[in-house]
Amino acid sequence: MAGSDPVIQGTSAPDTVKILIAGGFGVGKTTMVGAVSEIVPLRTEEPLTSAGLGVDDLNGIPEKHATTVALDFGRITLSQELVLYLFGTPGQQRFWFMWNDLAIGALGAVVLVDVRRPESSFAAIDFFERRDIPFVVGVNGFHGEHPYAADEIRDALALPEHTHVLLCDARDRESCRDVLIALIDQLIATSAQSNGSGRPSGRV
């Protein structure tokens, strides 16, 4: 078209990919979304009250004083061509009914594991395996501590060899970004095998 700006004319919108940040209660999902998001994250945290006594298991996480009751939302631009929308899931069992809705349109997930309580993320791993949603495991070392190697965590969680297990710190932006990049690399490899394309297919 005559008079069109050639720069604008030659640009295209980036692919937007929906990613879930999942895991058990108190594993660091809200922390990860907040650490890596380039926008002020949407949070739905509420203080823990006496109503949760006997329901919310605080064993091993006595410092936890608030919990996500709906979702966390953040965004990170990995490149000019790719933007990730991050949806953090609630961790308590009584809110698991929301996971099915949050999973709609998601191309992949990060399952966060608390190195002190790996069993708390068994349900999340089972959720994505049953729905054939690709995921990687991020082992969140609280206080920067990683007493176990990735292969030891893999064995403890009975994960197959092809599942990526990465040591990370949910408070550190670069560490979280590395986990997300590992997931995107996995999605690209899977997409290339299935349709000959080199990019994840699908939009939020």
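**Exercise 1: the largest nonpolar core**

Among the 25 residues of the largest nonpolar core, those touching the most other members are Leu 20, Phe 128, Phe 135, Val 137, Leu 157, Leu 159 and Val 165. A nonpolar core is a set of buried Ala, Val, Leu, Ile, Met, Phe, Trp, Tyr and Cys residues joined through side-chain atoms within 4.5 Å; buried means under 20% relative accessible area, with a 1.4 Å probe and protein chains only. The model is predicted: local features need pLDDT of at least 70 and side-chain atom pairs pLDDT 80 or more, while totals for chains, interfaces and linings use all residues. Residues are numbered from 1 along each chain, and side-chain values use heavy atoms, without hydrogens and water.

Task: State which element gives the most to this core.

Solution. Step 1: at least two residues each come from β1 (15–23), α3 (99–103), β6 (108–114), α4 (122–130), β7 (135–140) and α5 (150–156); helices (H or I, at least four residues) and strands (E, at least two) are DSSP runs numbered from the N terminus. Step 2: α4 gives the most, namely four residues.

**Exercise 2: helix α2**

Task: Explain why helix α2 is described as largely enclosed.

Solution. Step 1: Lys 29, Thr 30, Met 32, Val 33, Ala 35 and Val 36 are the buried residues of α2. Step 2: these are six of the eight residues in 29–36, so the helix is largely enclosed by the rest of the structure.

**Exercise 3: Ser 120**

Task: Determine whether Ser 120 is buried or exposed.

Solution. Step 1: Ser 120 lies in the loop between β6 and α4. Step 2: its relative accessible area is 19%, and Ser 120 is buried.

Key:
Buried < 20%, exposed > 50% of the residue type's maximum accessible area, 1.4 Å probe, protein only.
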